[in-house]
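Please read them alongside the sequence and the coordinates.

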Amino acid sequence: MLKEKIEKYLLSVQKPARYIGGEAGSIYKDKSKVDVRFAFCFPDCYDIGMSHLGMKILYSLTNQRENYWCERVFAPWPDFEQIMREHDIPLYGLESLEPIRDFDFIGFTLQYELSYTNILNMLDLAGVPVYAKDRGTAIAPLVVAGGPCACNPEPLADFFDLFILGEGEEVNLELMDLYHRMRQEGADRQAFLRAAARIEGIYVPSLYEVTYHPDGTIQAVTPKDGAPATVKKRIIRDFDKVFYPDNFVVPFTEIVQDRVSVEVLRGCIRGCRFCQAGFLYRPFREKSAETVYGESKALCENTGYDEVSLSSLSTSDHSQIDPMLRKLLTYTEEEKINLSLPSLRIDNFSEGLMNQIKRVRKSGLTFAPEAGTQRMRDVINKNVTEEEVMKTCRIAFEGGYDTVKLYFMMGLPTETDADIVGIAQLAQKVVDLFYENPHRPKGKNVQVSISTATFVPKPFTPFEFEPQATHAQIEHKQQVLRDAIQSKKIRAALHQSDASLLEAALARGDRRLSEVLYRAWKKGSTFDSWGERFDYSRWQEAFREAGLDPAFYANRTRSYDEVFPWDHLDYYVSKDFFIRENQRAHQSLTTPNCRLQCAGCGVNQKVGGACFAEDPDGV
C-alpha cells in the first residue's frame, strides 16, 4: 500500500505532518459508495494551503454530498518531492492516501501567478499529462481550476480542461452533477467539455481560437462547437445564507493562519483603481451580525481554536460592525478567545473601534495609505486624506499604541520622485505626531514600519491599461526612498521587483505564455513565490527560447481599443467603466465609494437591481 511507502520516509523530511493526513476534522468515506472523487489541489506547501479559506469552504461543501468525496492535495516541498520521484510515490490525496490520477477531477485554486509552475510539477508528480491535448478521449481525470487568477486563465489554457469563473459554492456541484450523469451515459471527454461549456461560469479554453495581429496583440477570440461568445462569472446572490462550514480540518503542525476564519462580507465598496479583488468580487454583500456570531461560535466549539479572524477585503466597512463586535466580544472574552480584525480602513477608524480592538489585540496597528502624497492617493482613488491618516494615528497613540505599520505601493501610474519622497515624509509626520502627543505611552519610543510593494497592473481594474515600472525604474525609486528616510524610528521593507515583473507578465499574458511556463518549469522553477527559490534568470531563458518578451506583457501601455486576452470573460464590471476610471486617474479625480454614489460600473445591471437600498434607480 502507498501508506507504508510514505511512512517509511517521513522522518527524512521537514514537517512530516504535511504528508500523512489523519488530522481532526478530516472527512473519510467508503470508496465503494462514492460516485465522484475530487482532488482539491493547492499549488503551494501545506502550511500555506491549509490557511486558505476557499479550500475549507469547498472541501466541506462537496463532502456534504454522500456520494461525492473531496480530498486535499498540496505541493510537496523539494525534500519530499525528491523522495517521491526516487521511490515512485505518485501525488496522492491526504484522506485516502491514494493517487489522484485515479480521481475524476483534479482541481487547482489559482491564487497567485508565481505558483503556476507548481501546477505543472504537481500534474507531473501525479502521472497526469501536463498538456490537456495529451490526455486522450477518456472522460477522466479532468484537470480544472478556479480562484481569482482564473479571471485571466490564458497563460494556463494549454494545461487545463476547463476553468470555473467566479464563486464556486454552486457551480462546482453543478459541474460534478453533469459529470456524474454523462459518465454513466458513456460520454467521452470532448462531449463532456462541450456540455460543461453551457453551464454559466464554466470556461473551456479548447473551444476558443485565438488569432493575433502582426504586432503580437490579439486580433480575435473566436468560439467554436457552440461555446458562448462571452463566459459570465458565477456569484452567490444571498450571501447571508450561503453555505459555510461548521468545522475545519485542524492541522497537527503549525500553519500560516492557525485560527478560525469567518468571512463577514464579500466584495468592496471602495473602488481603489489598483485593487483587482475589489472589482472581481463585486457586488458587495455582507452577512448579518447574527450569522457571523453563529458561524464563529460553531467553529470555535468544533475545532478548539482560541482565535477568530474576521475575513474580508474591508472589515470595518461592514454596516453592522459595532453590534457585530459587541456580540462577538461578549462570547470571545468569556471563552478567552482572541478576536482578530484585519483589513481596517483609515477613514472609518474611530476611537470606539479602537477600544473594541484593544480588548482583543494589543499588538501594533496596520493601515494602507498606499501612496505618500495626496495627488497619488487621488490617482489611485484611495479616498484617504493625510488628515485622516494623522487622526487615525493620533487615536492609536492616545490609546496606548506605539507601533504602526503603513503599506505603500511603488511604480504607480503618473508617479514621480516627489511622490516617493512623500512616503518618507508621511512616515516622519507620524513619528513626530507620537512625540507631540502629551497622552502618548510614557517611557516608550515609536516604531513606524513602511512596507512598499511594486505595483502590478492587473486585469479587470482601471489600471489594466497601464505599464508596469521597469526593473531599473523601481531600483531608482527604492534608492530615492532610502535617501529620503532621515529617522531611525522608521524602518522600510522594499520588495523584490523581478518577481513583480513576472507577476505582471503572467497576470496580463495570453496563450503563448503556456510555452514559457512549460520551459521555466523544465528548467527547475517551482515555489517561485518563495524568495529563496525564485531565480529570474530561468524565466528570462524561457521567454527567449519561446521568442517572447516579458516587457511586451508587463511594461507596455495598452490602448483602450486593444482586445485583451480576458475580454471574452465577463466579471460583471464593464470595460467602459474601467476606461472612464483610468481617464479620471490621469486627471487626479476621485470617485466616491459605492455607498455614497453609484459610479455605474455595470454590476447592478448584471444582477438585476441596485447594489444598495439607497440606490433606488439601479443606475
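1. Which residues of α3 are buried? In this predicted model, they are Leu53, Met55, Lys56, Ile57, Leu58, Tyr59, Ser60, Leu61, Thr62 and Asn63. Helix α3 spans residues 53-63, and ten of its eleven residues are buried, so the rest of the structure largely encloses it. The cover over these buried residues includes β1, α2 (46-49), β2, α6, β10 (260-263) and β13.

2. The strands β2-β1-β3-β4-β5-β6, in that order, form an open sheet of six strands with mixed pairing. The edges are taken by β2 and β6 (202-203); each has a single partner strand, so one side of each lacks a neighbour in the sheet. Strand β1 (residues 36-42) pairs with β2 in the parallel sense over seven bridges, and arginine 37 has tryptophan 69 of β2 as its bridge partner. Strand β3 (residues 105-109) also runs parallel to β1, joined to it by four bridges. There, phenylalanine 38 stands opposite phenylalanine 105.

3. Although β2 is an edge strand of the sheet, seven of its seven residues (68-74) are buried. Both faces are covered: one side carries Tyr68, Cys70, Arg72 and Phe74, the other Trp69, Glu71 and Val73.

4. Seven cavities of 30 Å³ or more are present in the structure. By class, the lining of the second largest cavity holds ten nonpolar residues, no polar ones and one charged.

5. The second largest pocket has a volume of about 240 Å³. It is lined by 14 residues, of which Ala132, Lys133, Asp158, Phe160 and Ser206 are the closest to its centre. Six residues of the pocket lining are nonpolar, three are polar and five are charged.

6. Phenylalanine 103 belongs to the loop between α4 and β3. With a relative accessibility of 1%, phenylalanine 103 counts as buried, because the cut-off is under 20%. Leaving aside residues up to four places away in sequence, phenylalanine 103 touches Arg37, Phe38, Ala39, Glu71, Ser96, Glu98, Ala140 and Pro141. Two of these contacts, Ala140 and Pro141, are joined by a cis peptide bond with omega about 0°. Proline 141 is in the loop between α5 (116-126) and β4 (142-146).

7. A cis peptide bond also runs from arginine 282 to proline 283, with omega near 5°. Proline 283 is found in the loop between α8 (276-280) and β12 (285-286). Most peptide bonds are trans, and most residues other than glycine have a negative phi. Both cis bonds deserve a look in the coordinates.

8. Aspartate 88, which is not a glycine, has a phi of about 55°. Its place is in the loop between α4 and β3, where aspartate 88 is exposed with a relative accessible area of 61%. Phenylalanine 460 has a phi near 60°, again positive in a residue other than glycine. This phenylalanine 460 lies in the loop between β17 (447-454) and α15 (471-484), but at 6% relative accessibility it counts as buried.

9. Glutamate 167 sits in the loop between β5 (162-164) and α6 (168-184). Its relative accessible area is 7%, so glutamate 167 is buried. The side chain of glutamate 167 makes a polar contact of 3.4 Å with that of arginine 266. Beyond four places in sequence, glutamate 167 touches Arg234, Ile235, Ile236, Arg266, Tyr281 and Arg285.

10. Serine 312 is in the loop between β13 (307-311) and α10 (321-334). At a relative accessible area of 16%, serine 312 is buried. Its side chain reaches the backbone nitrogen of serine 314 at 3.1 Å. A polar atom of the serine 312 side chain also lies 2.8 Å from the backbone nitrogen of threonine 315.

Methods: Residues are numbered from 1 along each chain as its sequence is written. This is a predicted model: local features need pLDDT of at least 70, side-chain atom pairs count only at pLDDT 80 or more; totals for chains, interfaces and linings use all residues. Side-chain values use heavy atoms; hydrogens and water are left out. Buried means under 20% relative accessible area, exposed over 50%, partly exposed in between (1.4 Å probe, protein chains only). Helices (H or I, at least four residues) and strands (E, at least two) are DSSP runs, numbered from the N terminus. Two strands pair if DSSP finds at least two bridges between them. A polar contact is a pair of N or O atoms within 3.5 Å; within protein, one must be able to donate a hydrogen and the other to accept it, and residues adjacent in sequence count only if both atoms are side-chain atoms. Contact means heavy atoms within 4.5 Å. On a 1 Å grid over the protein atoms alone, a cavity is a set of points where a 1.4 Å probe fits but cannot get out, and a pocket is an open set with protein on both sides within 12 Å along at least five of seven lines; lining residues have an atom within 4 Å of a point. Grid points are joined across faces, edges and corners, and a volume is the space filled by probe spheres set on the points. Ala, Val, Leu, Ile, Met, Phe, Trp, Tyr, Cys and Pro count as nonpolar, Asp, Glu, Lys and Arg as charged, and the others, Gly among them, as polar.
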